Amino acid sequence: MEKLQRMISEKSVVIFSKNSCCMSHTIKTLFLDFGVNPTIYELDEITRGKEIEQALTQLGCSPTVPMVFIGGQLVGGANQVMSLHLNRSLVPMLKRAGALWL
């Protein structure tokens, strides 16, 4: 859990993802289209990915991917990110975290 907290807090935008997940691909594309350079951890490719996924579950992340953290804070999965985007809250949040300079 301590390692997970470090991973989350080291970068302004962190996405936990799996290459096999179409919603993960959608969320990664959304951030990249904004010009954000998120740190992406592909849980199905990295060492100890299963352990990290279990730790995300302990944080209340279900399903575990995609799971987005902005400014060290849990935003949520695809539904939460898309809701923020649609109500125009995502860009200001990214600006506050220093991930976007529009």
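This is a predicted model: local features need pLDDT of at least 70, side-chain atom pairs count only at pLDDT 80 or more; totals for chains, interfaces and linings use all residues.
Reader: Let's start with helix α2: which strands does this helix lie across, and at what angle does it run to β1?

Author: Helix α2 (residues 22-34) lies across β1, β2 and β3, and runs at about 160 degrees to β1. Axes here are lines fitted to C-alpha atoms, for helices over the stretch in contact (heavy atoms within 4.5 Å), and angles go from 0 to 180 degrees between N-to-C directions.
Residues are numbered from 1 along each chain as its sequence is written, and side-chain values use heavy atoms, leaving out hydrogens and water.

Reader: What is the order of the strands in the open sheet, and what is the pairing?

Author: The order is β2-β1-β3-β4, with four strands and mixed pairing. Two strands pair if DSSP finds at least two bridges between them.

Reader: What makes β2 and β4 edge strands?

Author: Each of β2 and β4 (73-76) pairs on one side only.

Reader: How many aromatic pairs does the count come to?

Author: Two. Rings of Phe, Tyr and Trp (its six-membered ring) pair if their centres lie within 6.5 Å; planes under 30 degrees apart are stacked, over 60 edge-to-face, and the rest tilted.

Reader: What makes the aromatic pair of Phe16 and Tyr41 stacked?

Author: The centres of Phe16 and Tyr41 are 5.4 Å apart, with 20 degrees between the planes. That angle is under 30 degrees, so this pair counts as stacked. Phe16 sits in strand β1 and Tyr41 in strand β2 (residues 39-42), 25 residues apart.

Reader: Why does Tyr41 count as buried?

Author: Buried means under 20% relative accessible area, exposed means over 50%, and partly exposed is in between (1.4 Å probe, protein chains only). Tyr41 is at 17%, so it counts as buried. Phe16, at 0%, counts as buried too.

Reader: And what makes the aromatic pair of Phe16 and Phe69 edge-to-face?

Author: The planes of Phe16 and Phe69 are 85 degrees apart, and the centres 5.9 Å apart. With an angle over 60 degrees, the pair is edge-to-face. Ring pairs link Phe16, Tyr41 and Phe69 into a cluster.

Reader: How do you know that the buried residues of α3 line one face?

Author: In α3 (residues 49-58), the buried ones are Gly49, Ile52, Glu53, Ala55 and Leu56. Seen down the axis of α3, they fall within an arc of 160 degrees, so they line one face of the helix. The arc is that of the directions from the helix axis to the C-beta atoms. An α-helix has 3.6 residues a turn, so residues three or four places apart point the same way. The face of α3 turned away from its buried side carries exposed Lys50, Gln54 and Gln58. Covering the buried residues are, among others, α1 (2-9), β1 (13-17) and β3 (67-70).

Reader: Glu53 forms a salt bridge with which residue?

Author: With Lys18, the closest N and O atoms being 3.1 Å apart. A salt bridge needs a side-chain nitrogen of Lys or Arg within 4 Å of a carboxyl oxygen of Asp or Glu, so this pair qualifies. Glu53 is in helix α3 and Lys18 in the loop between β1 and α2, so the pair ties together parts 35 residues apart in sequence. Both Glu53 and Lys18 are buried.

Reader: Which parts does the pair of Lys28 and Glu42 tie together?

Author: This salt bridge has an N to O distance of 2.7 Å. Lys28 lies in helix α2 and Glu42 in strand β2, so the pair ties together parts 14 residues apart in sequence. Lys28 is buried at 11%, and Glu42 is buried at 12%.

Terms used: Helices (H or I, at least four residues) and strands (E, at least two) are DSSP runs, numbered from the N terminus.
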